[in-house]
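Please keep the sequence and the model in view while reading.

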Amino acid sequence: MAGRAATFLRPLAARTLRILKRAEHWLVGQLAFAILWLLRLLPPDRALAFADRAARRIGPLTGRHRVALDNLRRAYPEKSEEEIRAIASDMWGNMARLAGEYLYLDRMFELKPGDGEQARIEISGEEIFLRLREEKKPHIFFTAHTGNFELLPVAASLYDLPVTALFRAPNNPYIAKYIFSTRAEAMGELIASRAGAAFGLARVLERDGNIGVLVDQKFRHGVPTTFFGLPCNTSPLVAKLARQYECDVYPARSIRLPGNRFRLEVYDRLVLPRTEKGTVDVNATCQLLNDVVEGWVREHPGQWMWFHKRWELDGRKKAKAAKPAPQS
């Protein structure tokens with residue numbers, strides 16, 4: 001009798017948990033939409049300043065703040081606790097501004113090539129966009145979660161250089177739907193980061209298109225690399241696509257400037273490491289991408305997402321990383 005009851009109750013409990021989780025997502029989504037609606041009533045600069053101040057107060061109350069502080073202490077063992085907390089506070093301010101800027105994509109990111117200092121967005125490397133527009137071959141851009149990392153496809157599209165962006169949707173389906181629709185209007189084609197995403201990006205490259213990929217997140221089954229001198233797993237996606245399609249890889253980053261302005265820096269193609277057979281060395285390329293991003297983060301540490309669990313390894317790789325090197 002007890003076994004029958006357990007068999008009946010288990011699926012009921014699972015279904016109840018799914019309903020409760022859906023209700024939680026809906027409530028959180030409605031709260032987020034209400035806050036965004038109120039912010040939209042304000043002029044953009046005032047709304048973003050308010051969001052910045054609020055996030056600096058609320059962020060430290062969350063569990064993600066503890067993750068950020070732990071990551072910062074590991075990455076910067078030489079910094080004082082006061083410096084660590086100041087960087088974390090700047091991070092929350094940057095994240096709040098990023099969220100608020102979704103509301104103003106149509107106004108905040110107006111850009112005309114050649115506007116330079118008068119535009120909300122400065123472009124460093126404009127000539128690269130113009131050159132790549134004329135090339136009839138595929139290109140890969142990579143960036144990181146710095147400044148407003150949505151700028152790359154927005155700005156590229158204004159140079160008639162469409163970039164298909166790979167994105168990871170939030171866990172909350174209601175917020176994810178809103179962000180996807182907002183992004184798609186301003187950024188063009190998007191591919192969700194899930195099973196089959198690599199095939200979608202490959203199809204873009206096969207038709208001589210351009211893709212943009214964020215490369216600074218944890219990837220459970222990724223390539224063993226280091227970041228800030230600490231072991232981590234890195235997605236081999238960019239390296240493998242570059243190897244398969246022999247396409248150039250271009251770094252691009254966003255820097256947040258005073259006065260709600262930005263500078264998008266586009267760099268010339270990387271010289272990718274090669275194997276003895278002449279093909280792209282996947283592991284060495286993954287490390288090269290990490291090194292580029294680390295340099296960016298060290299320049300503006302308060303503009304990076306420190307609450308990612310970037311250095312989290314699974315049990316097998318953690319043991320391998322901790323194993324001492326053999327003595328010669």
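The face of α6 turned away from its buried side carries Glu127 and Glu134, which are exposed (exposed means over 50% relative accessible area, buried under 20% and partly exposed in between, with a 1.4 Å probe and protein chains only). This is a predicted model, in which local features need pLDDT of at least 70 and side-chain atom pairs count only at pLDDT 80 or more, while totals for chains, interfaces and linings use all residues. Residues are numbered from 1 along each chain as its sequence is written, and side-chain values use heavy atoms, with hydrogens and water left out.

**Helix α6**
- Helix α6 spans residues 126-134, and Ile128, Phe129 and Leu132 are buried in it (helices are DSSP runs of H or I with at least four residues, strands runs of E with at least two, numbered from the N terminus).
- The buried residues of α6 pack against β1, β2, α7, β8 and β9, where contact means heavy atoms within 4.5 Å.

**Salt bridges**
- The count comes to 18 salt bridges, each a side-chain nitrogen of Lys or Arg within 4 Å of a carboxyl oxygen of Asp or Glu.
- Asp268 forms a salt bridge with Arg131, their closest N and O atoms being 2.9 Å apart.
- This pair links Asp268, in the loop between β9 and α11, with Arg131 in helix α6, 137 residues apart.
- Arg253 forms a salt bridge with Glu299, with 3.1 Å between the closest N and O atoms.
- Because Arg253 lies in strand β8 and Glu299 in helix α11, the pair ties together parts that are 46 residues apart in sequence.
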